[in-house]
Amino acid sequence: MKIQRFNWQIWTGFLLSIFAFLSYPLLFVHWTVTRDFSWTNLLLSAIAAVLLFIGGRRAFARDRGRISKIVSSALATLSLLVL
C-alpha cells in the first residue's frame, strides 16, 4: 500500500493568497514605504502563484486520486480569483 503525502504546497499557496489580499488594507497601509507601492503584496502574490502551480502539478500526478484533483482545482481557482 502506497502512502500519499499531504499536498502542502496547494494549501500554503491558498492561505498565502488570502493573506496577500487582506494584508494591504489591514497591515501595510500604515507605513509609507508599503503604502506608495505595494511591493510586498506583489511578492506575496508571486510566491503564492508559484506554490499554487507546484501544488497543482503535484495534485494531477498519476498516483493521485480524484478527490485530490477536485480539491486542488477548487483551491487554485479560488486563489487565482483572489489574486
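The following legends describe close-up views of a predicted model. Local features are given where pLDDT is at least 70, side-chain atom pairs count only at pLDDT 80 or more, and totals for chains, interfaces and linings use all residues. Residues are numbered from 1 along each chain as its sequence is written, and side-chain values use heavy atoms, with hydrogens and water left out.

**View 1**
The chain holds four helices and zero strands, in the order α-α-α-α from the N terminus; helices (H or I, at least four residues) and strands (E, at least two) are DSSP runs, numbered from the N terminus. The C-alpha trace spans about 55 × 20 × 15 Å along its principal axes. Among contacts with a separation of 6 or more, 69% join residues 24 or more positions apart, contact meaning heavy atoms within 4.5 Å.

**View 1. Helix α1 against helix α3.**
Two packed helices are described by the angle between their axes and the distance between the axes. Helix α1 and helix α3 (residues 39-59) pack at an angle of about 160°, with their axes 7 Å apart; axes are lines fitted to C-alpha atoms, for helices over the stretch in contact, and angles run from 0 to 180 degrees between N-to-C directions. The two helices are therefore roughly antiparallel to each other, since angles over 145 degrees count as roughly antiparallel, under 35 as roughly parallel, 65 to 115 as roughly perpendicular and the rest as oblique. Residues of the contact of α1 with α3 divide into 13 nonpolar, nine polar and one charged; Ala, Val, Leu, Ile, Met, Phe, Trp, Tyr, Cys and Pro count as nonpolar, Asp, Glu, Lys and Arg as charged, and the others, Gly among them, as polar.

**View 2. Helix α1 against helix α4.**
The axes of helix α1 (residues 8-26) and helix α4 (residues 66-82) come within 9 Å and cross at roughly 20°, and the helices are therefore roughly parallel to each other. In this contact I10, W11, G13, F14, S17, I18 and F21 of α1 meet V71, S72, L75, A76, L78, S79 and V82 of α4. The residues involved comprise 10 nonpolar, four polar and no charged.

**View 3. The surroundings of G55.**
G55, placed in helix α3, is buried, with a relative accessible area of 0%. Leaving aside neighbours within four places in sequence, G55 is in contact with N7, Q9 and I10. From G55 to A76, 21 residues apart in sequence, the C-alpha to C-alpha distance is 8.8 Å.

Not counting residues up to four places away in sequence, S72 touches I10, A59 and F60. The C-alpha atoms of S72 and G56 are separated by 6.2 Å, whereas those of I70 and N41 are separated by 28 Å.

Key. Buried < 20%, exposed > 50% of the residue type's maximum accessible area, 1.4 Å probe, protein only.
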